[in-house]
Each structure stands twice: as C-alpha cells, then as structure tokens.
Amino acid sequence: KDEPVEWETPDLSQAEVEQKIKEYNSQINSNLFMSLNKDGSYTGFIKVQLKLVRPVSVPSSKKPPSLQDARRGTGRGTAVRRRTSFYLPKDAVKHLHVLSRTRAREVIEALLRKFLVVDDPRKFALFERAERHGQVYLRKLSDDEQPLRLRLLAGPSEKALSFVLKENDSGEVNWDAFSMPELHNFLRILQREEEEHLRQILQKYSYCRQKIQEALHACPLG
C-alpha cells in the first residue's frame with residue numbers, strides 16, 4: 001500500500017548540478033539525456049505514469065485520443081462546446097521534455113494537452129513514488145515543485161523515483177466541481193458498468209445451476 005513520505009531536496013551549486021548531470025547521463029541506457037544550458041538551467045526528460053480511476057473529458061467532436069495520438073503531440077481543440085467522457089488506457093505512460101524550472105502544475109497541464117483532456121487541471125495531482133526496503137512510498141508534489149530537479153537528485157532509477165498522475169483527491173469526491181455534461185456522462189458510464197456486472201453475475205449463477213442440474217440427472221434414482 002502506498003504511504004505518504006517526505007524527503008529532503010537539497011539545493012545544489014552550479015558545479016554540483018554539472019557533476020550530477022554527468023553522473024546521470026553516464027547511468028542511462030537511452031538517448032534521454034539531460035543537458036546543461038548556458039544560463040545555468042538544464043533540460044531533460046521525465047516519464048509520467050497515468051493512474052486515473054475516473055473517466056476524463058475530451059471534445060465530443062474528436063475521437064478519444066490513443067497513445068499514438070499522444071506521442072504525436074496532437075493538441076486540444078480551441079472552442080470546446082460539447083464534451084464526452086472516457087477512460088484513459090490503464091497505466092498509460094508519457095515522456096515529457098522539460099526544463100529544470102518547469103513546475104509540477106505545468107507538467108500536469110502538458111499531459112492533459114497531450115491526451116486532449118479538457119478537464120480542469122486542478123482535478124489532478126502529480127505524485128512522486130519510491131520503493132524502499134520492500135515498501136512503496138508516495139508523496140503529492142506541490143504546484144511549484146520542479147520534477148526534473150527531483151529526477152536529477154534521485155538519479156535515473158525508477159525504483160528510487162518515478163512520477164504518477166492521479167486524481168487530486170483529499171477525501172470524498174467533490175461532485176460540485178464537475179459540469180452537468182460530465183455528471184451525466186458519469187451516470188451513463190456507471191449504468192453500463194452496473195449492467196455489465198449484473199450480466200456477469202447472472203451468467204455465473206446460470207452456469208452453476210446448469211452444472212447442479214447435470215449432476216442431479218447423472219445421479220441414479222433411489
């Protein structure tokens with residue numbers, strides 16, 4: 001089970017940043033390198049896993065985006081008058097090229113654009129995840145934290161640090177934050193899920209009933 005945890009993110013001097021980048025690039029087995037800029041900032045890639053439980057909204061005039069659409073960087077429509085809701089592919093993953101000063105809130109907004117999602121970015125939160133001694137720790141990033149800086153400090157290991165996009169839940173769902181079309185779409189989705197669940201239950205008991213009847217017919221009388 002994920003548990004919240006706090007860990008320190010020390011400030012680095014320019015020389016330490018340069019050394020960290022060299023160490024980071026020497027440890028990766030891909031071309032997703034970090035690069036130091038003349039102004040002292042640096043650029044690199046972060047990978048974000050999407051673990052969303054609820055459906056998201058996209059313009060109804062567009063088909064739901066596939067992972068291929070997201071990789072091509074297809075943008076969102078300009079004027080969104082009607083929306084439709086659907087579930088993003090489970091555990092979808094996206095690499096983003098960002099600056100060291102790119103904030104967590106900007107990462108969320110970029111991810112929503114990539115997947116054509118028109119929901120309010122405040123409905124989502126970026127988390128950092130780490131595995132230590134067989135335990136999984138999760139921490140919600142504040143809006144102004146810089147994910148690439150965290151990536152550099154942790155190194156390239158996904159066990160040491162990975163990023164996850166989840167719903168921004170602090171407890172019960174605040175349904176007042178959703179629009180009327182979104183709420184109607186949620187009801188339709190829930191109805192379809194209920195009907196499918198009921199169908200599976202009826203199928204299960206029908207199969208059991210059939211097997212019991214076959215066993216009864218196979219038993220000798222008396």
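**Close-up views of a predicted model**

**View 1. Lysines over rings.** K166 lies over the face of F127, 5.6 Å from the ring centre. Likewise, the charged end of K204 sits over the ring of Y205, at 5.9 Å from its centre. Here a charge sits over a ring if NZ of Lys or CZ of Arg is within 6 Å of the ring centre and within 35 degrees of the ring normal. This is a predicted model, where local features need pLDDT of at least 70, side-chain atom pairs count only at pLDDT 80 or more, and totals for chains, interfaces and linings use all residues. Residues are numbered from 1 along each chain as its sequence is written, and side-chain values use heavy atoms, leaving out hydrogens and water.

**View 2. The largest nonpolar core.** This core has 35 residues, and I46, V48, F124, L126, F163 and L165 touch the most other members. A nonpolar core is a set of buried (under 20% relative accessible area, 1.4 Å probe, protein chains only) Ala, Val, Leu, Ile, Met, Phe, Trp, Tyr and Cys residues joined through side-chain atoms within 4.5 Å. Helix α3 gives the most to this core, with six residues. Helices (H or I, at least four residues) and strands (E, at least two) are DSSP runs, numbered from the N terminus.

View 3. Contact means heavy atoms within 4.5 Å.

**View 4. Helix α5.** In α5, E182, N185, F186 and I189 are buried. The buried residues of α5 pack against β4 and β5 (83-86).

Conventions
Buried < 20%, exposed > 50% of the residue type's maximum accessible area, 1.4 Å probe, protein only.
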